[in-house]
Amino acid sequence: RCLTLLLLAAVLVAGSAHSSRAEYPEKPIVIIVHAKPGGAIDLTARMISKVARNYSDTPLVIENRYGGSGAVAMRALLGKNPDGYHMLAFPATFISAVQVTRSSVGMDDYRFLSCMVEAPEALITNRHSDVVSIEDIIRDAKEKNGSQIWVGPGVGSLDHLMAIKTWDKLGIKATWLPYDGGGEAIAALLGNHGTVYVGNPEDVRGRPDLNIAVVSAEQRLKRYPDVPTFLDIDCDLPNEIMWRGFAVHKDTPDEICNYLTDLLGKVSKDPEWVKFVEFNSAKNVFYNRETFTNLVNRDSDDAVKYLKMANIIAGEPDEQARLKRLIGWILLPLAILTVLVVTKTRKKTVTGQMSIATATLGIALLLLMYALSFPPSTNGQNVGPNTIPIIWAIVLILFSLMQITSAMKNPQANKHGRISLVMIVSALMILFVTLLPLIGFFLSTLILLVGGIYAMEYKKHLTVVLVATGMLLFCWAIFIKTLGLPLPSGSLFG
């Protein structure tokens, strides 16, 4: 009798589990979008949400999580339970963004459901400027010899790579000026802060002041029959596209992936969806999970190749990078030891001033070691990700040399409390370099600034907060907004 009850209970549990799976979805499914409302990927997701109501009683709702060239949205999905109630709108530009930012997030963290849209890349100009047609672009670029400004989202983005390919194929030089998103870049173009915007034909929709100079397609677009293709101007860029698809967490069960892929497949055949895609001069496609995954892997390999060619990411083998770091770790203690030995030889004691100078020199050398593993400046730019540690290193080296020279000429006697201050400042600087790859530039800099100010016994707390905040905002404005450099976000935060 007990055995019968146990068997009955097992059947009920199994039936309950099966029923629970069969009831998916029981609540709204969230589509995470990395762009602000109104962007191309946002409009794509919203149209899919609308059309999907024809085939499912469960609503698809949009959640905009913009920032970090898509890194915020990508990490947001991975932070959710893999239960199928969150999926990510996944454009092709995510691939290069992951490579450029050296994010711990990778393509293997996702299961790719389907690719829905292929939009051709296009060069877009301001209709009211002196440079409108592709012939104008080429002429102006040759006249300016590298100072012509091209605008678009991000450093190393798909649009940035398109610009680099175009310069190479047309035999011209230009400068890439990155913005946080396509909307800001278009505003810069309309404000005559740039000559060319790299985007897609749908970007001119509702913007009569914009003009498509040339499009990367094998045939002229039906909606823009007067716009030439790259093939029309004898340029070998016939099929550069921005694809857009959808992905879920890698641990999402197969049955849920099948449900979502099937739903997206029904949407791809809906007349309203087909009309939406064609109206935006894009191509309506439906690549299933296997085909889409192969497409992502192929484009990932291509992105690495072109990013290395453009010096946007380091192209040297890991063995060489490790050798450089090893040499750096050998030179660091040798440099510090040399300074201390020389000082001890010339003077009887090592002063606090000399200790600060030595510690500062050591930190400068550490920063230069970091710079060795960062990619250099990109084509068309005077700065790159390695600019940040190099600038810090140069400033610290100059400071330490001034202190060493001063200490050798006019040594200052050690005063009460000075040695402890030296130790605290040195420890904070070492802590900064140690924490930089773990928690990122801003948090490690905040710790350095606040700790250093308090170590100097400054007690006005509000002023400390204002000074530290102001310095971080200054770094953000200069390095991210102005120079477009991807500051380290820290491995602990993906």
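Let's start with one residue. Ser 300 counts as buried, because its relative accessibility is 10% and buried means under 20% relative accessible area, with exposed over 50% and partly exposed in between, using a 1.4 Å probe and protein chains only. Ser 300 sits in helix 10, residues 289-309. Leave out residues up to four places away in sequence, and Ser 300 touches Ile 95 and Met 107. Contact here means heavy atoms within 4.5 Å. A polar atom of the Ser 300 side chain also lies 2.8 Å from the backbone oxygen of Val 296.

A word on the source. This is a predicted model, where local features need pLDDT of at least 70 and side-chain atom pairs count only at pLDDT 80 or more, while totals for chains, interfaces and linings use all residues. Residues are numbered from 1 along each chain as its sequence is written, and side-chain values use heavy atoms, with hydrogens and water left out.

Now the whole chain. The protein chain has 16 helices and eleven strands. Both are DSSP runs, numbered from the N terminus: helices are H or I with at least four residues, strands are E with at least two. Of the 494 residues, 46% count as buried. Take contacts between residues at least 6 apart in sequence: 75% of them join residues at least 24 apart.

On to the sheets. Which order do the six strands of the open sheet follow? The order is 2-1-3-10-4-11, and the pairing is mixed. Two strands pair if DSSP finds at least two bridges between them. Strand 2 (60-64) and strand 11 (283-287) each have a single partner strand, so one side of each has no neighbour in the sheet. On average, neighbouring strands of this sheet are turned by 25° against each other, direction ignored. Axes are lines fitted to C-alpha atoms, for helices over the stretch in contact, and angles run from 0 to 180 degrees between N-to-C directions.

Look at strand 1, residues 29-33. Strand 1 runs parallel to strand 2, and five bridges join them. Val 33 stands opposite Asn 64 in strand 2. Helix 3 (residues 71-78) lies across strand 1, strand 3 (86-91), strand 4 (110-120) and strand 10 (241-249). Helix 3 runs at about 150° to strand 3.

Next, helix 9, residues 271-279. Helix 9 lies across strand 4 and strand 11, at about 125° to strand 11. Which residues of helix 9 are buried? Trp 273, Phe 276 and Val 277 are. Their arc around the axis is only 95°, which puts them on the same side of helix 9. The arc is that of the directions from the helix axis to the C-beta atoms. Here is the general rule: an α-helix has 3.6 residues a turn, so residues three or four places apart point the same way. The buried residues of helix 9 pack against helix 2 (40-52), strand 4, helix 8 (254-268) and strand 11. Turned away from that side are the exposed residues Pro 271, Lys 275 and Glu 278.

Check both ends of helix 9. Asp 270 caps the N-terminal end, with a side-chain oxygen 2.9 Å from the backbone nitrogen of Glu 272. After the helix comes Ser 281, with a positive phi near 60°. Asn 54 lies in the loop between helix 2 and strand 2. Asn 54 and Asp 270 are 216 residues apart along the chain, yet their C-alpha atoms are separated by 9.0 Å.

Five strands form an open sheet in the order 7-6-8-5-9, with mixed pairing. Strand 7 and strand 9 are the edge strands, each pairing on one side only. Strand 5 and strand 8 run antiparallel, joined by three bridges. Ile 124 has Tyr 197 as its bridge partner in strand 8. Strand 6 and strand 7 run parallel, joined by five bridges. Pro 153 stands opposite Tyr 179 in strand 7. Four of the five residues of strand 6 are buried.

Last, helix 7, residues 182-190. Its buried residues are Ala 185, Ile 186, Ala 188 and Leu 189. They cover an arc of only 155°, which puts them on the same side of helix 7. Their cover includes strand 5 (122-126), strand 6 (149-153), strand 7 (175-179), strand 8 (196-199) and strand 9 (210-215).

Notes:
A polar contact is a pair of N or O atoms within 3.5 Å; within protein, one must be able to donate a hydrogen and the other to accept it, and residues adjacent in sequence count only if both atoms are side-chain atoms.
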